[in-house]
Amino acid sequence: MRTDPNIEDFAASNNPVVRKFNEFIDAHGLRRTTERYAILSHIMNINGHFTIEELQQLIDADGFRVSRSTLYNTVELLIEAKMLRRHVFEGMQAQYERITLPHTHLICTTCGRVKEVRDPNFAAFMNARRFNAFNTDHYSLYVYGTCSSCARKSKRAKAADDKKEKRK
Ligand SMILES: [Zn+2]
Ligand SMILES: [Zn+2]
């Protein structure tokens, strides 16, 4: 494990995300390890979704040595601390993202691309929605369909097929 002075600064910083993590670690009697901070600092630099492999690659590329089990472990801690969320989209590897503003996921079932959209109308609806004997903490909406680039490709493929059919 490389000891990076930046990671020490990061761990002691007043950033609200770091503070929340420190409070969680202390409250659970866990150790404040350099590996955990290296993982958190990398996660904080990612916009949107990532897989464990992608996170590992980013950390490796920066010259940190973090084992896969430490990575999984820290990701689990962050989920428990309600700082990170796991998504398992149909037929895909688990993806993670930091808990930020609520958004809707548009998932292309052909190429697997996930697009995030903010829908103020839906958010207003959900904020006002009360369920019997249940307190909403957060929610997730997955919309499955076909992205425009896959739709274009399949249209072109179909047109080519039709041409072939006519030539027969
Ligand atoms: Zn697609
Ligand atoms: Zn998302």
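I107 stands opposite V114 of strand β4, where strands are DSSP runs of E, at least two residues long, and helices are runs of H or I, at least four residues long, numbered from the N terminus. The model is predicted: local features need pLDDT of at least 70, side-chain atom pairs count only at pLDDT 80 or more, and totals for chains, interfaces and linings use all residues. Residues are numbered from 1 along each chain as its sequence is written, while chains are lettered from A and ligands numbered from 1 in the order in which they are written.

**Sheet**

- Strand β3 (residues 104–108) pairs with β4 in the antiparallel sense over four bridges; pairing requires at least two DSSP bridges between two strands.
- Three strands form an open sheet of mixed pairing, in the order β4-β3-β5.
- β4 (114–117) and β5 are the edge strands, each with a single partner, so one side of each has no neighbour in the sheet.

**Domains**

- The assignment divides the chain into domain 1 (1–100) and domain 2 (101–168); such bounds come from an automatic or database domain assignment.
- Six residues of domain 1 and seven residues of domain 2 take part in the contact, which is counted when C-beta atoms, placed from the backbone, lie within 7 Å.
- On the side of domain 1 that touches domain 2, two residues are nonpolar, three polar and one charged. Ala, Val, Leu, Ile, Met, Phe, Trp, Tyr, Cys and Pro count as nonpolar, Asp, Glu, Lys and Arg as charged, and the others, Gly among them, as polar.
- The C-alpha centres of the two domains lie 28 Å apart.

**Nonpolar core**

- The largest nonpolar core has nine residues: F21, Y37, A38, I39, L40, I43, I59, F64 and V66. A core of this kind is a set of buried Ala, Val, Leu, Ile, Met, Phe, Trp, Tyr and Cys residues joined through C-beta atoms within 7 Å.
- Helix α3 (residues 34–44) supplies the largest share of this core, five residues.
- L40 touches V18 and F21, with residues up to four places away in sequence not counted.

**Positive phi values**

- Most residues other than glycine have a negative phi.
- K82, in the loop between α5 (68–80) and β1 (84–87), has a positive phi near 60°.
- K82 counts as exposed because it has 12 C-beta neighbours inside 10 Å; the limits are 12 or fewer for exposed, 20 or more for buried, and partly exposed in between.
- A133, in the loop between α6 (120–128) and β5 (141–145), has a positive phi of about 55°.
- A133 is also exposed, with 4 other C-beta atoms within 10 Å.

Terms used
Two residues are in contact if their C-beta atoms, placed from the backbone, lie within 7 Å.
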